[in-house]
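Dear colleague,

Please find the structure below, followed by a summary of the findings.

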Amino acid sequence: MATQSEFVIETEGLKKSFGDQVAVDGVDLRVPRGSAFGYLGPNGAGKTTLIRMLLGLTRPSAGTMRVLGRPMPKERSLALARVGAIVEEPGFHKHLSGRENLWIAAAAREPEAHMRIDKVLEQVGLADRADDHVSTYSQGMRQRLGIARCLLSDPEVLMLDEPTNGLDPGGIQEFRGLVRAWIAEGRTLVLSSHLLDEVEKICDHVAIVDRGKIVAQGSLSELSAGDDGAITIVCDDPHKALGAINANGSLRDVEEIASGLRVLLRPEASLEKVAAELNKQLVGAGVAVYRLEPSHVSLEHRFLEITRRLGGDS
Amino acid sequence: MTTPESTVQLPRSLRIPFRLERAELLKLRKSRGVWIPTALLTIGAMVVMYTAIELFHVYNSSKYGPAGGTLNFERAMFLMGQLAGMIAAALVGAAAGTQDLSSGVFRDLVSSGRSRTRLFLARIPGGLALLLPLVAVAYAIAAVLTVVLAGGLATPSVTLFIKTGLWVLLSAGIVYVVSLGLGSLVGTRAATISILIAYLLPVQGIIRNISVLGRARDGLLSVAVERLSPVPPPDPHDVISMSLSTSLIVLVLWVGIFGGLGLWRTQTRDA
């Protein structure tokens, strides 16, 4: 019997190997109910493999997993009955219409799924093209049809693997709107992506994965807490500016950007105080400062730091 | 969103029966690459055969007999039960066994949580629902033309008509399940069709004529199917005699082995 757990997905020591290649390496994942959970990692980090295991598409080499409180793959039919997913590019029978493809997908779901076909076509804006062959659809339309297919089961959990791949900016915007609507309805979203900006805009919880291992996991605010000091300096001579501030003991890292510098502060440093110090040093060195902007370290920056460090360790 | 507990159950009267089987049929019947060659190999083959014989008869009735009558019916049924119908069944079975994989839909069906065994088993009635009506129509055309174009020739008895009809349906059904299993095992339509056509056309014929193989030839699909035929083969010297029980065992093994392999691969394949 499934219990109404705080987490909709729980894995322990989940591992998947293909011969000597370890794609997923001892993953302990907790996806809170009702969250928008980003599973972030560079290409080849094992994101798709993890989602494939959670959906029963491939068997784990070791470890345990529970979806909606039910052990997988033992109770897969019950666990997945209220899960909708898009893994990589959604596949369709191209010689059939969008509506017929949904009919086929609904046949594998609960009987009520057939009653939702018109509604989900309307939701994704494909009602007008529902009876056209999928072979005539654009990639964006196929992606939307994939989303419609996910919604047929009225899912509690949506697992989307790189869902914006191939979408134009308008399609991405539209997709974000749909996702926000699902989250507002109380569904849990698991979004696997290498687009960190995408995850920052949609998700409230994140796990960062590299080479099959989770290297950081928590809420967005938890992950960006502790090192929130960064200052962007826009000036006339970045090289001269670098020389002027290099000796400042409050700085952890300095990098040149297109029209100036971006500095990272040590955790104990005060953002405002250091900003004032830097301004004084730069003006004193004869650097014309156009803009001096304190900011928080983005998730993207933190993600790149982690993966870069891991790369350096190997 | 509704919670599982609050989901409203659809009244039984509004539920659609055999949904997975209907879905399989929908995929196949809407595929022109499947149903057109199947119709040509079944209905088309019968129409062409009877039309050609009748034209010869009209052209030179002293040399060529009428298209109807028992002998031509037997030939037509052998064409259907041992060649064209088998190839048609192989085409439909290969498509049924591979189309979800090649389109990428298999992954979605599996991730619905539906049992893989159920997904595989639904393909059997789903594909037969396309194949057998076409075979039945072809058979009906042959039966009608056998009587209508008989001229003065004798026509088969009602019993023979019924037995022969059942035999061609059985033959197509067996090859369909074998092809479905092989398709599900191999995973690609082109490879499945190539293997089956190679086996059904040259390979089987060659093995059948290697008399040194003796009773080992009883394992051939065409030999076992032929044993069940209610009509004699066109070439009586080509008959390999075997008992009815052996024939049934061989056919059960063909269906069981290939059906079992297809099911096993469907259950274990990474989607």
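**Helix packing in chain B**

Helix 3 of chain B and helix 5 of chain B are roughly antiparallel to each other (an angle over 145 degrees), because they pack at an angle of about 160°, taken between N-to-C directions on a scale from 0 to 180 degrees, with axes fitted to C-alpha atoms over the stretch in contact. Their axes lie 10 Å apart. Helices are DSSP runs of H or I with at least four residues, and strands are E runs of at least two, numbered from the N terminus. The model is predicted: local features need pLDDT of at least 70, side-chain atom pairs count only at pLDDT 80 or more, and totals for chains, interfaces and linings use all residues. Residues are numbered from 1 along each chain as its sequence is written, and chains are lettered from A and ligands numbered from 1 in the order in which they are written.

**Sheet in chain A**

Chain A holds an open sheet of six strands in the order 7-8-9-4-10-11, with mixed pairing (two strands pair if DSSP finds at least two bridges between them). Strand 7 (83–86) and strand 11 (213–219) of chain A stand at the edges, each with a single partner strand, so one side of each has no neighbour in the sheet. Strand 7 of chain A runs parallel to strand 8 (residues 157–161) of chain A, joined by four bridges.

**Contact between the chains**

In total, 35 residues of chain A are in contact with 30 residues of chain B (C-beta atoms, placed from the backbone, within 7 Å). Helix 3 of chain A supplies the largest share of the chain A side, five residues.

Yours sincerely

Conventions
Contact = placed C-beta atoms within 7 Å. Parallel < 35°, antiparallel > 145°, perpendicular 65-115°, else oblique.
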